[in-house]
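I opened this notebook to record what I looked up about two interfaces. The entries below follow the order in which I checked them.

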Amino acid sequence: MSETLDKPAAQATLNVVGTRPIRPDGADKVTGRATYGADYNMPGQLVGRILRSPHAHARIVSIDASRARALPGVKAVVTSADFPDLASEMHDGGEAASNLRDLSLNVMARGKVLYDGHAVAAVAAVSAAVAEEALSRIKVIYETLPHVIDVEPAMSPDAPVLHDYMFTEGLETPPTVASNIAKRHKNVRGDVDAAFAAADVIVEDRYTTQAVHQGYIEPQACVAAWAEDGRCEVWSSSQGQFMVRTYCAKILGLEISDIRVTPAEIGGGFGGKTTVYLEPIALALSRASGHPVKMVMTREDVFRATGPTSGAVMHVKLGALSDGTITAATVELKFQAGAFPGSPVGAACMTALACYDIANFTIVGWDVVTNTPKTAAYRAPGAPIAAFAVESAVDDLARKLGMDPIALREKNAVRDGTKASYGPTFQNIGYVETLAAIRDSDHYKSPLKPNQGRGVAVGFWFNIGGESTAAIHISEDGSAAVVTGNPDIGGSRASMAMMAAETLGVPVERVRPMIGDTASIGYSMLTGGSRTTFATGMAVVQAAEKVILDLRQRAAKLWEVSLDHVVWRMGQAECIDPAKPEKKPMTLAALAAQSGRTGGPISAQVTLNAQGAGPGFGVHLCDLEVDPETGHTSIVRYTAAQDVGRAIHPSYVEGQIQGGVAQGVGWALNEAYIFDRDGRMENAGFLDYRMPVASDLPMLDTIMIEVPNPRHPFGAKGVGEVPIVPPLAAVANAMRGAIGVRMSSLPLSPPAVLAALDGKGG
Amino acid sequence: MAHITVGSECWPFTGGQSAFEVEAASVREVIAALDVRFPGLGDFVDRKMAFAIDGEIHQDAWFSPVGSSSEVYLIPKIGGG
């Protein structure tokens, strides 16, 4: 590694980073040219369809597919018998290790179905109509079992147990009886009982949230082709082509080298596309039929069978001195995991008090399996749920103390040097600056109208780094292609092009960002955890620096000077050898045009495992208005401030913040999985599962605070997850202001608001 | 000696002990030292935990340096959405 690579690209003046060029994927997306998962087609492809369980919990007695196989046009039928019966084994493939047995059982049920919508069989046929007919001909005999949907009933000793092999982890005394409680998390600091005893003011409440879906516009879709020589190709929409490759290989018992996965354009993921559902099934159908197989989920499939995030029951108690110093906290979080362990309650425990410097606390989290779809990641997994409870309690504490809610948060805020509630000591954080930005905003000083309320809430997310690969190839005209291994779910292509352009010193229009398939670019951890601009961006900058070093070496040879006498400035090599003042600068284009004669193509690749991602903080301010006759709520003004490190493309960063707010507002006001008494989802469609649309929201104002992360060449921090953390509580706190009643259960739907108003009146 | 702090995830290996010191110059050496002191903990930590070294989180990074007086918190590996 050269000296150039060892130090960050110190930039006194930035020409590209921080500007707002036209997004490289924009034209394709607005003209319909972008190729999403469902847009791929292959000659001779079949249509794949999945038969899903109508029961929330049942034993599969038998599956008879003979009538389906006999139907003309049906080319293959697969069940769990067509997949290896995997042992319990944790394996790295996505962001964190997954249990391969659970992953496989979620893709295709074996022995039992664990939720309404669980896949039990799949067919491949010449048309959708034939495939649908074939599904109706598959006879599955079920023995229905008692089911449990909500988290607290699932924790009960007499609850129906989903997995008779599951014993609670994390208890002081290992249990001897199986239960639905997969794990207990616990984090303790100080003497919480003594602190509560000495507190001047105490608040406490019980809070509930419902399971909500990521709500990406594009349903899961893929095409899989199994060739005669055993080699496979998959085209699919996901947050990580390498994740798809690894999980397909494990679930089907293949060598990784036998699978090539090409990422499609992705129509939203938000964490929900960090695992596989269709791809292994499509591959199995292709293997059985000898044809490529295309599978596209319906919206109903998406709701019934792909991961929502958890519904939760929480209890928060806070104690404070009369001056506003929060001295004690207890937080208990009970999270639905869905059919298999792995709710985000661990992260929720770590983030719950992360914005506060509190000397004494106990945080306990419970990961609980339920007869609902296995939860999947959703932006800042777990943190919005915990923040809803904690930030509601902090709001009540401010009221009880008679303090301004921002002043209370400023008094107890974490700063550089504060030991975070989850352990480490914070560095280079911009939280108090973010609080101050909201405190000093025009919005915070503006008056409210009748039936309006104002809420403040804060949020935290770690952000991560991880493994990334980036390659830069210089064309003979001096333009550049930047290839990475990360699907672009939030504008990363623009960021990659801009960071490469900034480093190389060329216009961003001369840089074309691309996303490689698993055979054409080195391994990259999936796009998630707000890691791509940080980690993959670091790889891009280092690759650009390698290119520059190569260019300087070539220029030095051409000029017959030492490398030290060649500098790279503004996209060209300059000779600074005082003995050769006649040497004119050589541009990237000029050097590229001679590349064949000076050593061959100019290209560089960097692989790294980025560490030192800087955490992010957000402070949100929400004004809403309630119609007391209907209970309908309108968000009338919203401002979100966030420490973003350095905004590479400010418009994208603002978009990330606005998107998080929009999703959080939907989570707060309307969204919820609704199950009937048999455990079947009743609102598996956007008509009945109400997400916000543009007309539901005002312009969402953003304030970007830039406290750079010194570990990134340009100071970037992850920005995609923080903005969904505060909105649930910001809305709930505004509702408290508007109606004078604390609503501690989400969603704050019109019937719930009316009930709260009725209770107040009574 | 680096100052190591672990949470409840590691207590089954440490018998409830949360803080101790080890002689180690890298994450990998910390893992090895933990395994010597608490058999099985090293493998567990390697698979499931991230290292917050002097406030900076390092995940799956064996060769990240650990200073002679570093503060090292072991926290569950972090993902995201």
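**Entry 1: terms.** Before reading any area, I noted that buried area is the accessible area, taken with a 1.4 Å probe, that two parts lose on being put together, summed over both. I also noted that the model is predicted.

**Entry 2: domains of chain A.** I looked up the domain assignment of chain A, which gives domain 1 (3–34 + 465–610), domain 2 (44–145 + 217–268 + 273–305) and domain 3 (308–463 + 614–761). I then turned to domain 1 of chain A and domain 3 of chain A, whose C-alpha centres lie 38 Å apart. Their contact takes 27 residues from domain 1 of chain A and 22 residues from domain 3 of chain A.

**Entry 3: area between domains 1 and 3.** I found that domain 1 of chain A and domain 3 of chain A bury about 1,900 Å² between them, with 62% of it on carbon and sulfur atoms. On the side of domain 1 of chain A, the residues that lose the most area to domain 3 of chain A are Arg20(A), Ser530(A) and Phe534(A), together 32% of what that side buries.

Entry 4: How many salt bridges does the rule find across the interface of domain 1 of chain A and domain 3 of chain A? I recorded 1 salt bridge there. I also looked up Arg20(A), whose side chain meets that of Glu654(A) in a salt bridge (2.9 Å, N to O). For polar contacts, the count between domain 1 of chain A and domain 3 of chain A is 11 residue pairs, both residues at pLDDT 80 or more.

**Entry 5: elements and composition.** I noted that α16 (492–504) and α17 (532–559) of chain A each supply at least two residues of the side of domain 1 of chain A that touches domain 3 of chain A. On that side α16(A) gives the most, with 6 residues. By class, I listed 12 nonpolar, 11 polar and 4 charged residues for this side of domain 1 of chain A.

**Entry 6: chain A against chain B.** I next found 30 residues of chain A in contact with 21 residues of chain B. The two chains bury about 2,100 Å² between them, 52% of it on carbon and sulfur atoms. Met350(A), Pro424(A) and Gln611(A) supply 21% of the area that chain A buries against chain B, more than any other three residues.

**Entry 7: polar links between the chains.** Arg711(A) forms a salt bridge with Glu56(B), with the closest N and O atoms 2.2 Å apart. I counted 10 residue pairs in polar contact between chain A and chain B, both residues at pLDDT 80 or more. The side of chain A that touches chain B has 11 nonpolar, 12 polar and 7 charged residues.

Technical notes
Residues are numbered from 1 along each chain as its sequence is written. Chains are lettered from A and ligands numbered from 1 in the order in which they are written. This is a predicted model: local features need pLDDT of at least 70, side-chain atom pairs count only at pLDDT 80 or more; totals for chains, interfaces and linings use all residues. Side-chain values use heavy atoms; hydrogens and water are left out. Domain bounds come from an automatic or database domain assignment. Contact means heavy atoms within 4.5 Å. A salt bridge is a side-chain nitrogen of Lys or Arg within 4 Å of a carboxyl oxygen of Asp or Glu. A polar contact is a pair of N or O atoms within 3.5 Å; within protein, one must be able to donate a hydrogen and the other to accept it, and residues adjacent in sequence count only if both atoms are side-chain atoms. Helices (H or I, at least four residues) and strands (E, at least two) are DSSP runs, numbered from the N terminus. Ala, Val, Leu, Ile, Met, Phe, Trp, Tyr, Cys and Pro count as nonpolar, Asp, Glu, Lys and Arg as charged, and the others, Gly among them, as polar.
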